[in-house]
Amino acid sequence: MRTYLFRLEEKGYLKVEVRKRRAYINVIIDKESYKKEKAGEILEEWFDGSAKELISAISGNIKKDDTEELKGILDGFDFK
């Protein structure tokens with residue numbers, strides 16, 4: 001467990017402070033930022049940065065109810 005925490009600290013996700021045999025953990029990165037970072041890493045690593053390839057890969061798992069909402073999200077993007 002200790003090694004895991006120190007690895008997370010090296011990555012900048014949290015700060016571990018040890019005082020008198022107790023470890024105090026302070027979170028540095030919030031959940032949403034972490035999710036965005038990880039999603040970007042997955043996109044690059046598994047799909048060569050192609051959002052089209054990612055969506056094609058997960059298209060069978062998208063619920064019909066979610067498609068309209070996803071269309072609205074895509075319409076709201078400011079594309080490069």
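A quick word on burial: buried means under 20% relative accessible area, exposed over 50%, and partly exposed in between (1.4 Å probe, protein chains only). You're looking at a predicted model, where local features need pLDDT of at least 70, side-chain atom pairs count only at pLDDT 80 or more, and totals for chains, interfaces and linings use all residues. Residues are numbered from 1 along each chain as its sequence is written, and side-chain values use heavy atoms, with hydrogens and water left out.

Stop 1: Select Y34, which is partly exposed because its relative accessibility is 34%. Rings of Phe, Tyr and Trp (its six-membered ring) pair if their centres lie within 6.5 Å; planes under 30 degrees apart are stacked, over 60 edge-to-face, and the rest tilted. The count by this rule is one aromatic pair. Y13 and Y34 make that pair edge-to-face, with 5.2 Å from centre to centre and 85° between the planes. The partners sit 21 residues apart and link distant parts of the chain: Y13 is in the loop between helix 1 (2–10) and strand 1 (14–19), while Y34 belongs to helix 2 (residues 31–47). Helices (H or I, at least four residues) and strands (E, at least two) are DSSP runs, numbered from the N terminus.

**Stop 2: along helix 2.** Start at D30, which caps the N-terminal end of helix 2 with a side-chain oxygen 3.2 Å from the backbone nitrogen of E32. Then slide past the other end to D48, which follows helix 2 and has a positive phi near 50°.

Stop 3: Colour strand 1 and strand 2 (residues 22–27), which pair in the antiparallel sense over six bridges; pairing takes at least two DSSP bridges between two strands. Pick V16 and look across to I25 in strand 2, which stands opposite. Two residues separate the strands of this hairpin, and K20 in the turn has a positive phi of about 50°.

**Stop 4: E17 and its surroundings.** What does E17 touch, leaving aside its neighbours within four places in sequence? Show R22, A23, Y24 and N26: E17 is in contact with them, contact being heavy atoms within 4.5 Å. E17, in strand 1, is partly exposed because its relative accessibility is 33%.

Terms used
A polar contact is a pair of N or O atoms within 3.5 Å; within protein, one must be able to donate a hydrogen and the other to accept it, and residues adjacent in sequence count only if both atoms are side-chain atoms.
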